Amino acid sequence: MTDTTKPEPRRGADIEIIDRSSGDQVLIPSAVRINGVTVPVPSGTSIKVSDITDDDAVTVTVTMFARRITIHHEDA
């Protein structure tokens with residue numbers, strides 16, 4: 001019998017860049033959350049957000065500390 005379930009549609013991650021300082025006119029990221037989970041980011045790390053346009057998806061580049069990295073194939 002063939003599996004006829006459709007794969008879930010792809011969707012982007014929820015990224016929160018949080019500034020916890022007070023009164024500064026410049027945004028200084030002090031916390032980053034991905035899908036609601038705070039991830040440790042090295043101090044002095046630059047966070048790059050692509051231009052926001054009507055034509056392209058927004059991309060975010062961030063350097064973070066990884067606890068574990070797993071790269072593997074998963075059966076669909």
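Which residue in β2 stands opposite Ile17? In the predicted model examined here, in which residues are numbered from 1 along each chain as its sequence is written, local features need a pLDDT of at least 70 and side-chain atom pairs count only at pLDDT 80 or more, while totals for chains, interfaces and linings use all residues. Side-chain values use heavy atoms, with hydrogens and water left out. The residue that stands opposite Ile17 is Val32 in β2.

Strand β1, which covers residues 15-18, pairs in the antiparallel sense with strand β2, residues 31-34, over four bridges; here strands are DSSP runs (E, at least two residues) numbered from the N terminus, and two strands count as paired if DSSP finds at least two bridges between them. Over three bridges, β2 also pairs in the antiparallel sense with strand β3, residues 37-39. Within β3, Val39 is the bridge partner of Val32, and Val37 is the bridge partner of Ile34. The hairpin of β2 and β3 has two residues between the strands, and in this hairpin Asn35 adopts a positive phi near 50°.

Taken together, the three strands form an open sheet with the order β1-β2-β3 and antiparallel pairing. The edge strands of this sheet are β1 and β3, each of which pairs on one side only. From one strand to the next the twist averages 30°, where axes are lines fitted to C-alpha atoms and angles run from 0 to 180 degrees between N-to-C directions.

On the surface, a nonpolar patch is formed by Ile15, Ile17, Leu27, Val49, Ile52, Val58 and Val60, with about 590 Å² of accessible area together. Such patches are made of residues with over 30% relative accessible area and no salt bridge, nonpolar side chains (Val, Leu, Ile, Met, Phe, Trp, Tyr) being joined within 5 Å and like charges within 9 Å; a salt bridge is a side-chain nitrogen of Lys or Arg within 4 Å of a carboxyl oxygen of Asp or Glu. Accessible areas come from the Shrake-Rupley method with a 1.4 Å probe, and for residues only the protein chains shown count as cover.

Ile52, one of the patch residues, lies in the loop between β4 (48-49) and β5 (60-61) and is exposed, with a relative accessible area of 70%; exposed denotes over 50% relative accessible area, buried under 20%, and partly exposed the range in between. Ala57 is also placed in the loop between β4 and β5, and Ala57 is exposed, with a relative accessible area of 65%. Although Ala57 and Gly12 are 45 residues apart in sequence, they are 9.2 Å apart in space, C-alpha to C-alpha.

Key. Buried means under 20% relative accessible area, exposed over 50%, partly exposed in between (1.4 Å probe, protein chains only).
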